[in-house]
Amino acid sequence: MSYQCPLCHSVLSLQANTWRCENNHQFDQAKEGYVNLMPAHHKGSKNPGDNQEMMQARRLFLNTDHYKQLREEVIRHLDEQLPEHAGQLLDIGCGEGYYTSEFTRLNARHPKLAVHGLDISKVAVRYAAKRYQECHFCVASSHRLPFPDQYLDAIVRIYAPCKAEELQRTMKKEGILVTVTPAARHLYQLKALIYDGVRLHDMAPEVIDGFDLIVD
Ligand SMILES: C[S@@+](CC[C@H](N)C(=O)[O-])C[C@H]1O[C@@H](n2cnc3c(N)ncnc32)[C@H](O)[C@@H]1O
Ligand SMILES: [Zn+2]
């Protein structure tokens, strides 16, 4: 596998727990196994993304498997649509890795598939890497994916932001994108406790430049 250097965009390779590029930019592999590829000057705030409290709450909730059915649906779509010799899958905004880890089940039919998780929240990635050692996790923004051009066979995005240009740049020509976005009444009751008027989410299928809709 290879990451792209976030500073000069050349290839990073791993030597003795440090990812290095030809221009000698260096990024250490943390003891949990993830790499932080988010230079300080790319951050909009000191600790971007979800914080520790949010992460713990999400993990507690996801541990109850209320979202297992959704996870199974995503895996079913991937299994049906993944190109035969798929080698690289990325989960954008992977959070604490609840979905990412189960994507390794696709290895049964795609033995060469490497599963990556990326999130802008360092605490989320630390949680994920500690628990799910079989995946490759990095801290980075979906607005600057640290992967070479046309590198990914599949990208998954579950309730997370992305940038169309970066999806287009990093995705192989025959690659597939699976997105999960909120249904009209997602978290409606919770929002009704806070807001006077709750707006419903738009259910129209998302149109992303450069991609054709295969399944709605
Ligand atoms: C609603 S959570 C969804 C997490 C996970 N996919 C799930 O469904 O459990 C959104 C995630 O996107 C991350 N995030 C927000 N902005 C991001 C960005 N620009 N790049 C990468 N991740 C981002 C947050 O830190 C958070 O973990
Ligand atoms: Zn570099």
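User: Two strands count as paired if DSSP finds at least two bridges between them. In this predicted model, over how many bridges do strand β2 and strand β3 pair?
Analyst: Strand β2 covers residues 11–15 and strand β3 covers residues 18–20. Within this pair, leucine 14 has tryptophan 19 of β3 as its bridge partner. The two strands run in the antiparallel sense, and the number of bridges is 3.

User: Which strands stand at the edges of the open sheet of 4 strands?
Analyst: The order of this open sheet is β1-β2-β3-β4, and its pairing is antiparallel. Two of its strands have a single partner strand each, so one side of each lacks a neighbour in the sheet. These edge strands are β1 (3–4) and β4 (26–28).

User: Why is one side of β5 and of β10 left without a neighbour in the sheet?
Analyst: The open sheet in question has 6 strands in the order β5-β8-β7-β6-β9-β10, with parallel pairing. Because β5 (35–36) and β10 (171–180) stand at its edges, one side of each has no neighbour in the sheet. The reason is that each has a single partner strand.

User: Which residue in β7 stands opposite isoleucine 92?
Analyst: Strand β6, residues 88–92, pairs with β7 in the parallel sense over 5 bridges. Isoleucine 92 stands opposite a residue of β7, namely leucine 118.

User: Which elements give two or more residues to the shell around ligand 1?
Analyst: The space that ligand 1 takes is the second largest pocket. Two elements give two or more residues to the shell around the ligand: α1 (52–62) and β7 (114–119).

User: How many residues of the shell around ligand 1 are nonpolar?
Analyst: Ligand 1 is surrounded by 19 residues, and Asp50, Gly93, Asp119, Ser142 and Ile158 are the closest. Of the shell residues, 3 are charged and 6 are polar, while the nonpolar ones number 10.

Methods
Residues are numbered from 1 along each chain as its sequence is written. Chains are lettered from A and ligands numbered from 1 in the order in which they are written. This is a predicted model: local features need pLDDT of at least 70, side-chain atom pairs count only at pLDDT 80 or more; totals for chains, interfaces and linings use all residues. Side-chain values use heavy atoms; hydrogens and water are left out. A residue is near a molecule or strand if one of its heavy atoms lies within 4 Å of it. On a 1 Å grid over the protein atoms alone, a cavity is a set of points where a 1.4 Å probe fits but cannot get out, and a pocket is an open set with protein on both sides within 12 Å along at least five of seven lines; lining residues have an atom within 4 Å of a point. A molecule sits in a cavity or pocket if more than half of its atoms lie within 2 Å of its grid points. Ala, Val, Leu, Ile, Met, Phe, Trp, Tyr, Cys and Pro count as nonpolar, Asp, Glu, Lys and Arg as charged, and the others, Gly among them, as polar.
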